[in-house]
Amino acid sequence: MTANAEMSLADRPLGNAVRVVAVDWAVLDEGEARRLRALGIDSGAVLKLAHRGIFSGRDPIAVEIGRMTVALRRAHALAIMVEDAPDEGVHPAGHTASEYTK
Amino acid sequence: MSRAPRTIALVGNPNAGKSALFNALTGARQKIANYPGVTVERKAGRMSFASGEPAELIDLPGSYSFEPSSPDEEVTRDVVMGRQEGQRRPDALIVVVDANNLEQHLVFAQEVIALGMPTVVALNMLDLAARDGLVLDPKALEESLGVPVVETVAVRRKGLTELAAEVAKVTEQGAHEPTLPTHVDMVERRVSARAMAKGAIISETKQRRLHRGLDKVLLHPWIGPVILFALLFVVFQAVFAWATPFADALEGGVGLLSEAVVANFPAGLLRDAVTEGLLAGVGSVVVFLPQIVILFFFILVMEATGYMARAAYLMDRMMASVGLSGRSFIPLLSSFACAIPGIMATRSITDPKDRLTTILIAPLMTCSARLPVYAVIIAAFIPARSVGPGIGLQGLVLFALYVAGIVGAMLVAFVLRRSVTQGAASGFIMELPRYQLPRLRDIAIGLWQRAYIFLRRAGTIIFTVTIVLWLLLSFPQAAPGEDQVDASIAGKLANGLAVVVEPIGFNRDMALSLIPAMAAREVAVSSLATTYAVASDDEDETAQALGTRLAADWTLPMALSFLAWFVFAPQCLSTIAVAKRETNGWKWPIVMLAYLFGLAYLAAGATFWIATAAGL
């Protein structure tokens, strides 16, 4: 696995900060897509995979974004393409890390 | 002429502390009802301005934006826009934002402020912000938003007077030119939200250790579920153990009252109506108030601490295996108290098929109305002995009944999702709120509302049904030597029904109790009490606890069969009515009735015959 390759959020290890590169909105339900965007999960957001379930598919997952923890399914995470990000704190789309952390 | 009271609405993101602020502003003077046509709960209360002028305050469902992604959010948008039927457009809005999550909450706040309605921002939960080392400048925020910003700590009643004063002021001024740009998209709002938050934060130290530490344990893939199930087990043990002294005291009180009536009034029909009908019937239900209060106490605490959302997270995988999501867990858990608020809470489920399935299985969760039935039968037939440290056999049986309901619900959901409600698998996206210490006052208000609803039911439905049943049981009067219950109208009806339920081990008295229990399950207990009271001529026997008389009259397989029946039987008119309203027609309530009665019959029959074969 190369360090900065794009891959889906679903396959990331826990605890690493990742930047959202693209979201495949087409595979998501319209209402769910809206909710993800409302929570700031969109291109540019930096988030951290914080928790994962134990059973098959390790579903659901919880991500840290901004000051929130958000639970979502592996199916959503598969549509979210991410790349490694320097660990400078998590933040929603529309911000930059330098703006977010002082 | 005084003008109509002003209407003020509370809006904001979920978890901004709106409800706590609502409680602080209105106290216990709240009215919970539904918006007409939809069943999103409408919470309204009275607040007063400094001038003494009263105003109506409504608490709107938490929203992330005016582009709704659930029926809850639709109501918020429609009320604010003045499009909600039966609701006057609010004269002013209070936007509640969590001081700890400004950059997120200011996104929706901007959307609200851009409407140009009279608006005040409540910068809430400042105490938690201070604890986390966050220092804010409300003046800076006020400048960037263009509307008054008031610092509040709802739970400590801080800033309430100032908030009311600002609301009065902006209401007088009326609508104005929006202070924020109106046509911007969410990403642009997000950028400006961050800038505003940054401008308002004087200093912050990153400190989320407590929160993270708790989640590490409580959401742990192994430890988390173990803690959840241990917690649920403790809840059900507590419902039995803690309530006993209070229930005994209430029972004693009813007994004393009954004796006092017997001692002070001449024998006759009226006295019998009071002792055999009113006191035996309503009294036998009211004694379950302590258990219901304890169950709701735990549910309210789980909600107030933020643990409920974690429970939903932990349950999501299990729910997904039957085609539901963790979101269904909260309505289903509420259904343990009562299926009606549970079915209403399904409005937060976005997927319609998911929602319908949840509605259909909600009555399988053991509601508090079943508790009186379970409690009286368990107390009469299951010995109160210990089967392990801190584990009583009675509590264990109660737990098993709850589990039976849950397993039944899961199996039914599994079948429904592959037949009548089949469709794409549902999703699960949910914010997990920060942990908070529960506030005694909010819990107390919640408990008071639940207790009031229960007592009102006891005072109206159960009272009426009990008296009607007593009349049906007492007339026509038996000839000398004839059994009164056999001679009565109710007895004759029950004899007919008894033929149907005989194969599953029910006797005539049990069949009799099922008829009035259609109104509400707990009536089964009061009607058994009334039946046995009418059947006995001896006043001492009438005053005797119902359990003792059941133990003498029923066999163990009969009792177990009766318990199994109530795990499934849809005996609650209010639930059926709510299901009809929620699903817009009779189709689904009829499906619900048919499958639940079918299951109840099968389960009770199987229990009876297995128990009999096992020689119990």
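A residue is called buried if 20 or more other C-beta atoms, placed from the backbone, lie within 10 Å of its own, exposed if 12 or fewer do, and partly exposed in between. The legends below describe a predicted model, in which local features need pLDDT of at least 70 and side-chain atom pairs count only at pLDDT 80 or more, while totals for chains, interfaces and linings use all residues. Residues are numbered from 1 along each chain as its sequence is written, and chains are lettered from A and ligands numbered from 1 in the order in which they are written.

**View 1. A serine in the helix α1 of chain B.** Let us start with B:S19, which sits in α1 (residues 18–26); helices here are DSSP runs of H or I with at least four residues, strands are runs of E with at least two, and both are numbered from the N terminus. B:S19 has 20 C-beta neighbours inside 10 Å and therefore counts as buried. Its C-alpha atom is separated by 22 Å from that of B:A50, 31 residues apart along the chain.

**View 2. Where chain B meets chain A.** Here 30 residues of chain B touch 33 residues of chain A, a contact being two C-beta atoms, placed from the backbone, within 7 Å. On the chain B side, two or more residues come from each of α3 (102–113), α7 (186–200), α13 (307–321) and β12 (430–432). The most come from α7(B), with six residues.

**View 3. Strands paired across the two chains.** Strand β5 (residues 68–72) of chain A runs antiparallel to β12(B), and three bridges join them; strands pair if DSSP finds at least two bridges between them. Look for A:V70, whose bridge partner in β12(B) is B:E431.

**View 4. Helices α3 and α7 of chain B.** Their axes, lines fitted to C-alpha atoms over the stretch in contact, come within 8 Å and cross at roughly 120 degrees. That makes α3(B) oblique to α7(B), as angles under 35 degrees count as roughly parallel, over 145 as roughly antiparallel, 65 to 115 as roughly perpendicular and the rest as oblique. Angles run from 0 to 180 degrees between N-to-C directions. Among the residues in contact are B:L102 and B:L106 of α3(B) and B:M186 and B:A193 of α7(B).

**View 5. Helices α27 and α28 of chain B.** Helix α27 (residues 573–583) and helix α28 (residues 587–613) pack at about 140 degrees, with axes 7 Å apart. In this contact, B:I576, B:A579, B:K580 and B:T583 of α27(B) meet B:W588, B:P589, B:M592 and B:L593 of α28(B).
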